[in-house]
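Here are a few exercises to work through with the model open beside you. Try each task before reading its solution.

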Amino acid sequence: MSNDIIDNRDQKLVEHIMNPLAKLTAASSGFAVTRVVGIDLGTTNSTVAQVCLPVAAEATAEAACECLSLEQPTQMGPCIGALVPSVVAVDREGEVWVGEGAKRMRAEPQRHGLALEKNLFYETKNDMGLKKRYMRAAGEFDHARKIAGHVLRFLTEGAHGAAGLPASRTVVTVPASFQVNQRADTLEAARMAGLELSEFDLLDEPVAALTDYLFTHAGLDFQDRPQNLVVFDFGGGTCDVFVARISPGGEGSAVSIETRSASRYHRLGGGDFDTAIIHELLIPQLLEDNKLPPRYFEWAERKKIIEPALRGCAEALKEGLCREIARLHLHGRYAEADKDEIAAFQAPAKVKVAGRDYILKNPRLSAAEWENLLAPYLDPDLLHARESDYTLVLSVFAPITDALERARMKRGEIDVVLLAGGGSLVPQVGWALEAFFSGSRVLRFPDATSAQTAIARGAAWSAAWIETFGKPLVAPVIPETLALRVKDSEPIPLVCAGSPIPQPADGTFARLDGLHLPKVFSGTLRIQMVTLPDERVVLTLPLHFDVSKAGEAVCFEYRFRSSRVFECAVSLWQSTDARHLITAENPLINVCNPGAAREEIERIEEELREAGGPAACHVDMLCRLAELYEEIRMREKACEVLKSALRVSSQPDAWILNRLGSLYGELGDYNRMETHFAEAARVDPKWSAPHFNWALHHQSRREYAKALEKIDEAILRQPDKGPSMILRARILSRMGQSAAARECAEEAMPLFPWPDDIDEWELYWFHEGCVMLGLKEKAELARMGMEGGSQKTADQTTDRDLPELRQR
């Protein structure tokens with residue numbers, strides 16, 4: 001957890017505890033002209049706001065904040081607006097387009113010679129902090145931080161041009177869960193844009209939204225007691241859920257914000273709604289309008305050509321329909337209306353694929369279709385991710401529930417919920433959150449513009465506060481005491497609750513004296529950090545020293561940096577052993593960034609990009625990549641990867657052909673399935689797997705005669721395979737030949753390497769054979785084996801590996 005304090009110690013400047021605007025205006029009224037800027041560097045759209053602090057001659061005026069409308073060049077002339085699409089494009093002549101001009105070019109990528117991650121870039125914020133490079137792009141566009149630098153430069157120069165006055169300070173927002181490498185990339189992007197930012201000039205987006213609400217609405221009514229707060233920041237590409245405890249300070253002079261948890265689901269945002277509209281509604285309409293079969297377009301054509309081309313259309317349909325739904329709801333006419341008759345329309349759209357034009361004649365989105373599409377995103381019970389080749393379906397209540405659990409709070413304990421971000425403007429999202437937090441005050445910004453620009457305004461207010469008082473509006477402090485566990489003694493406090501960050505204040509290391517290696521030493525020293533008073537473990541790390549060093553004095557140094565990273569350095573006083581440096585990012589904040597499979601996908605794809613594309617030496621890597629795409633249910637993408645593996649292979653590969661056959665079967669493309677199974681069997685005539693899978697397919701479709709033919713062919717190729725015999729027994733049983741099925745199962749059982757060398761796949765078929773033959777004891781053992789055996793025991797590690805504390 002993290003604790004933040006809005007510092008209002010200067011009593012004579014405070015008019016009211018929850019009126020920061022009054023304090024800011026009073027404190028700055030003697031300044032010369034001061035202009036500060038806040039930037040919301042968003043996934044889908046970015047915005048810039050400014051605060052102009054009043055000069056001495058205008059001491060009665062209030063500090064004013066406004067979101068700037070910037071001129072954005074397009075090929076049809078300039079477009080002026082506050083929302084700047086976070087899109088960068090480089091045309092054939094090498095001209096760089098940022099914002100609305102690039103977004104419009106994205107709709108016709110082939111016309112403008114654009115290719116994703118080569119000279120067209122959007123939603124790159126999700127790549128910040130990763131090693132991923134855009135290998136096909138020119139050097140100044142080959143990383144997400146460089147794209148962010150172009151967007152920041154456009155915003156900064158546009159803001160300067162609009163105001164005619166340079167900014168004395170700029171604050172840029174980041175998701176609350178951004179870790180050190182992601183924040184470092186943001187700082188580097190700012191440097192590329194000509195901005196020199198300190199760590200205090202990066203502001204968490206939910207805190208920015210809350211800051212703007214405090215200023216804009218002259219604060220909140222706390223009724224003299226702390227309140228639990230949730231900020232639901234649902235943007236175009238991210239969903240940040242921020243749980244905090246906010247309370248008035250002593251003598252009505254301070255506001256304390258104690259961060260309890262932050263959950264970020266970087267692949268859940270309003271943009272996912274647009275993607276779902278494209279693939280669930282618009283592409284089927286496009287196929288029907290052009291009299292094409294359902295699987296006419298390949299994965300790459302749908303994802304890399306059609307999706308970018310129709311994204312603007314989908315976004316316009318969504319926004320138009322949501323406005324109409326909100327209007328009808330306001331007048332009490334939506335609930336009982338015919339949802340099929342409420343619809344948004346767009347002009348015909350043209351999509352060019354492989355040199356041919358396809359026309360989407362009448363793009364339409366009805367309220368009935370919209371509610372059906374939204375249903376899984378708003379399901380409070382089914383919280384698991386469901387991902388296809390083209391869309392991610394994840395309930396917004398997944399990050400909410402996750403954040404509440406990590407904060408150790410129940411929804412009934414939440415007093416205030418603040419909705420921010422463009423995604424929160426969808427009426428059904430707001431209604432769902434009101435129902436979920438039925439006992440809480442749900443706060444909204446008054447209109448769409450305010451909701452979409454709140455984060456930039458909050459950043460500008462924060463910049464004004466720093467410029468006026470020389471310290472952040474939200475000054476981070478330690479929420480819980482952080483302590484080091486030692487052997488046979490109470491944990492030793494290192495940084496105490498309420499201490500300002502950084503600790504020590506000058507950023508150097510503090511030292512803890514009196515620590516030694518245990519006298520009875522195994523060679524492993526366990527460094528374990530806990531919170532006090534509940535002794536919740538936040539860091540455990542084993543360090544290795546020579547056993548002969550038992551009892552030697554330990555040098556233990558530590559610090560808590562302003563970036564909210566805890567660092568400690570461990571070495572031996574009387575030894576030349578290396579100094580061990582331990583770091584823990586946000587140790588007191590519960591942050592969730594799911595997606596281990598996607599992280600591995602990014603790593604493999606980055607390796608392939610660095611190699612200049614796949615080659616024969618990368619076949620195993622491509623097969624692993626396909627497995628990962630299967631794991632997240634992107635089967636068509638898995639097929640594309642396996643086809644690449646076949647292409648770079650020096651000879652046909654039966655395993656890849658067989659896997660492709662299975663995938664095509666799952667996709668319902670049975671012609672391709674049979675072609676690939678047959679080719680796999682031809683390439684390796686002694687391997688039974690293609691015919692086994694072919695038989696399994698026919699059995700699942702109740703084509704038992706065909707299934708029996710294929711499994712017999714599999715057994716002919718490899719007669720010693722138990723699973724093939726069990727599948728044959730299953731098929732015979734389904735055909736009503738019980739005696740033959742039992743005889744086949746009895747022949748199969750001795751073929752299994754039970755119990756020593758059986759793998760998970762064989763175990764499944766062994767268990768089925770046991771059930772067929774009534775072998776209850778073996779069936780139970782097999783079932784336990786499939787479930788992973790008995791539960792692992794809890795960690796029974798004693799304190800023997802902890803450092804010893806002697807005279808201090």
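**Exercise 1. A ring pair and its setting**

Task: decide whether Phe752 is buried or exposed, then classify the ring pair of Phe752 and Phe766.

Solution. Keep in mind that this is a predicted model.
- Step 1: Phe752 has a relative accessible area of 5%. Buried means under 20%, so Phe752 is buried.
- Step 2: Phe766, at 2% relative accessibility, counts as buried too.
- Step 3: the ring centres of Phe752 and Phe766 lie 5.5 Å apart, and their planes stand at 75 degrees. Planes over 60 degrees apart count as edge-to-face, so that is the class of this pair.
- Step 4: Phe752 sits in the loop between α20 (738-748) and α21 (760-773), while Phe766 belongs to helix α21; the two are 14 residues apart, and their pair links distant parts of the chain.

**Exercise 2. A second ring pair**

Task: find out how many aromatic pairs the structure holds, then classify the pair of Phe121 and Tyr134.

Solution. 
- Step 1: the count of aromatic pairs is 22.
- Step 2: for Phe121 and Tyr134, the centres are 5.7 Å apart and the planes meet at 40 degrees, so this pair is tilted.
- Step 3: Phe121 lies in strand β10, and Tyr134 in the loop between β10 and α3, so their pair ties together parts 13 residues apart in sequence.
- Step 4: check burial. Phe121 counts as buried at 1% relative accessibility, and Tyr134 is buried with a relative accessible area of 1%.

**Exercise 3. The surroundings of Ser86**

Task: describe where Ser86 is found and which residues it is in contact with, leaving aside neighbours within four places in sequence.

Solution. 
- Step 1: Ser86 is in the loop between β7 (84-85) and β8.
- Step 2: its relative accessible area is 7%, so Ser86 is buried.
- Step 3: beyond those sequence neighbours, Ser86 is in contact with Gly42, Thr43, Thr44, Asn45, Ser46, Phe121, Tyr122 and Glu123.
- Step 4: with Ser46, the side chain of Ser86 makes a polar contact of 2.8 Å.

**Exercise 4. Cysteines and the whole chain**

Task: state how many disulfides the structure holds, and compare the accessibility of Cys313 with that of Cys617.

Solution. 
- Step 1: the structure holds zero disulfides.
- Step 2: Cys313 counts as buried at 10% relative accessibility, whereas Cys617, at 66%, counts as exposed.
- Step 3: now zoom out. The chain has 22 helices and 34 strands, and 55% of its 808 residues count as buried.

Notes. Residues numbered from 1 in each chain as written. Predicted model: local features only at pLDDT ≥ 70, side-chain atom pairs only at ≥ 80, totals over all residues. Heavy atoms only, no water. Disulfide = S-S within 2.5 Å. Buried < 20%, exposed > 50% of the residue type's maximum accessible area, 1.4 Å probe, protein only. Helix = DSSP H or I, 4+ residues; strand = E, 2+ residues; numbered from the N terminus. Polar contact = N/O pair within 3.5 Å; in protein donor to acceptor, adjacent residues only side chain to side chain. Contact = heavy atoms within 4.5 Å. Phe/Tyr/Trp six-rings, centres within 6.5 Å; stacked < 30°, edge-to-face > 60°.
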